[in-house]
Amino acid sequence: QSGAGLGGLFQGTSMATQQDSITVQSYLTSRAAMVRLDEEEGFKAVFSDPAIDPLQRLAEPATNEAAYAIYQDHVKISYDPTEGIVKMEVIAADPAFSRQMSEALIRYAEQRVDNLTSRLRDDQMAGARESYEEAEQAMLDAQAEVLRLQESMGIFDATSDAPSIMG
């Protein structure tokens, strides 16, 4: 049995919200996470091993549905709103595989957090770019208005060289 806390994933980020933590929890408890764990770490093969207790073992051929039932029994993910952390407990017949699964799931959670924060950063950058472009246009408009006023009042001719006029 192995336990690992995922609380540090969101700490110190602008993503430390309950909804984002629940999103990560949802993903880690999903069939998609189990399928990825099978593809990358051999989840079905490990739980189909004849050395495993027949009550815990996946029958051959192991379907995704049967594997997901085992996954739900052996991978417990919960969100603690009082501490704001996602907790994980992984149980396997072999402690090394339990650790391997825990590390893979933490990696998946980190990638999910990266995706969430990347979208937020992209949205923030889009807003910042838009604000910058609006400010740039406002500055150009203001410069054009100053020039127009100077010309209309005869302060100086925009087509002339300003230093020679000032001289």
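**Exercise 1. Decide whether Glu41 is buried or exposed in this predicted model, and find its side-chain partners.**

Step 1: Locate the residue. Glu41 sits in helix H2.

Step 2: Apply the cut-off. Buried means under 20% relative accessible area. Glu41 has 17% relative accessibility, so it counts as buried.

Step 3: Look for polar partners. The side chain of Glu41 makes a polar contact of 2.6 Å with the side chain of Gln100, and another of 3.2 Å with the side chain of Arg107.

Step 4: Widen the view. Leaving out residues up to four places away in sequence, Glu41 touches Arg36, Phe97, Gln100, Ala104, Arg107 and Tyr108.

**Exercise 2. Work out which residues of helix H1 are buried and how they are arranged around the axis.**

Step 1: List them. In H1, residues 18-28, the buried ones are Asp20, Ser21, Val24, Tyr27 and Leu28.

Step 2: Check the arc. These residues span only 125 degrees around the axis, which means that they lie on the same side of H1.

Step 3: Recall the helix geometry. An α-helix has 3.6 residues a turn, so residues three or four places apart point the same way.

**Exercise 3. Find where the confidence of the chain is lowest and where it is highest.**

Step 1: Start with the whole chain. The average pLDDT is 79, and 81% of the residues score at least 70.

Step 2: Compare the elements. Strand E1 (residues 2-5) is lowest, with a mean of 46, while helix H2 (residues 31-41) is highest, at 93.

Technical notes. Residues numbered from 1 in each chain as written. Predicted model: local features only at pLDDT ≥ 70, side-chain atom pairs only at ≥ 80, totals over all residues. Heavy atoms only, no water. Buried < 20%, exposed > 50% of the residue type's maximum accessible area, 1.4 Å probe, protein only. Helix = DSSP H or I, 4+ residues; strand = E, 2+ residues; numbered from the N terminus. Arc of directions from axis to C-beta. pLDDT = per-residue confidence, 0-100. Polar contact = N/O pair within 3.5 Å; in protein donor to acceptor, adjacent residues only side chain to side chain. Contact = heavy atoms within 4.5 Å.
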